[in-house]
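Thank you all for coming; I would like to walk you through one structure today, going from a single pair of side chains out to the whole chain.

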Amino acid sequence: MHEAPLLWSALLAYVVAGSTSIVALALERRADRSILALLALGLGLHGAALAARWVAGGHGPFITLFEILSSNVWSLTLVFTLAYWRVPAVRPAAAFVMPVLFILMGWLLVAHPGEGHFPPTYRTLWLYVHVGLGKVFLGAVLVAVGLSGLILARLAAQGLEELAFRFMAIGFVFETLMLVSGAVWAQDAWGRYWAWDPLETWAFLTWLSLAAFLHARVGFGVGPRASAVMIIGVFVLAFLTFFGVPFISTAAHKGAI
């Protein structure tokens, strides 16, 4: 009952922040403080909505499609907002990052908000570690995608390609830790560390694609535009892994992420 108005208010703040960032970039104006304030407001309201759901349901928001979408909109926005706040060069990328989040928000609005079943074997600290690492990984790659948008639109300042590479490197570290912690959690949940189920397989393919990008960037010195295209390709694969595979798979591992 308390979740819905908080969530709607948060989504409104996100939409206004994203729209402002797009208009500001198009008009070559600066609206950094306003955008940051709106993002922070949305995060606060959204965090309260997630907390209300957590208290009501007795488990974290990572079981149903609605919960996964909502928690990922919050976590992705949080990672980007922190980058926006701390790294000024990232700020114009909001015009490319926020439309991606708009897609998740639209999907969230049509998802059924009903509660899901939380298996007893999931009640382990490793699940929360695994989930948290995965969210940071995807958030770091999303920041790199926003920077890639600036590069491809020829709106890039010097050094953005190097900055995007650094965020991808951060993403690689967190995805590696996500896979390791996920294996430990799987042993607790299902009595095995790895079984090549669809989600595990696609997560590993995403890891390989990210490793291939880093190798190509360091070993072959690919140019900024080629790097930008590769970054977007990695993100598309990661997006399908997070939000596609879990909901068509029949395996036990169905996307508590």
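This is a predicted model: local features need pLDDT of at least 70, side-chain atom pairs count only at pLDDT 80 or more; totals for chains, interfaces and linings use all residues.

D32 counts as buried at a relative accessibility of 17%, where buried means under 20% relative accessible area, exposed means over 50%, and partly exposed lies in between, with a 1.4 Å probe and protein chains only. Residues are numbered from 1 along each chain as its sequence is written, and side-chain values use heavy atoms, with hydrogens and water left out.

So what does D32 pair with? The side chain of D32 meets that of R91 in a salt bridge, at 3.6 Å from N to O, a salt bridge being a side-chain nitrogen of Lys or Arg within 4 Å of a carboxyl oxygen of Asp or Glu. Because D32 lies in helix 2 (residues 32-57) and R91 in the loop between helix 3 and helix 4, the pair ties together parts that are 59 residues apart in sequence. Helices here are DSSP runs of H or I with at least four residues, strands are runs of E with at least two, and both are numbered from the N terminus. R91, for its part, counts as partly exposed, at 21% relative accessibility.

As a general point, side chains of opposite charge can pair when their charged atoms come close. How many salt bridges does a search of the whole structure find? The search finds nine. R192 takes part in a salt bridge with D197, with the closest N and O atoms 3.1 Å apart, and also in one with E200, where the closest N and O atoms are 2.3 Å apart.

Let me turn to the interior. G18, in helix 1 (residues 3-26), is buried with a relative accessible area of 0%. Not counting residues up to four places away in sequence, G18 touches M98 and F102, a contact meaning heavy atoms within 4.5 Å. G18 and A95 are 6.5 Å apart in space, C-alpha to C-alpha, although 77 residues separate them in sequence.

S70 belongs to helix 3 and is buried, with a relative accessible area of 2%. Leaving aside neighbours within four places in sequence, S70 is in contact with L7, H46, L50 and L108. As for helix 3 itself, 16 of its 22 residues are buried, so this helix is largely enclosed by the rest of the structure. Helix 3 reaches 31 Å from its first C-alpha to its last, close to the 32 Å expected at 1.5 Å a residue, where the expected span is 1.5 Å times one less than the number of residues.

Helix 8 (residues 224-243) can be examined in the same manner: its 20 residues should span 28 Å, and its end C-alpha atoms are 28 Å apart, which agrees. Among the buried residues of helix 8 are S227, I231, F235 and F239. Which helices do the buried residues of helix 8 pack against? They pack against helix 3 (65-86), helix 4 (94-110), helix 5, helix 6 (160-190) and helix 7 (198-219).

On the surface, W54, L125, W126, Y128 and V129 form a nonpolar patch with about 480 Å² of accessible area together. Patches are made of residues with over 30% relative accessible area and no salt bridge, with like charges joined within 9 Å and nonpolar side chains (Val, Leu, Ile, Met, Phe, Trp, Tyr) within 5 Å; accessible areas come from the Shrake-Rupley method with a 1.4 Å probe, and for residues only the protein chains shown count as cover. Helix 5 (residues 125-152) gives the most to this patch, with four residues. V129, found in helix 5, is partly exposed, with a relative accessible area of 32%.

Finally, the whole chain: there are eight helices and zero strands, and buried residues make up 49% of the 257 residues. The chain exposes about 11,800 Å², of which carbon and sulfur atoms supply 71%.
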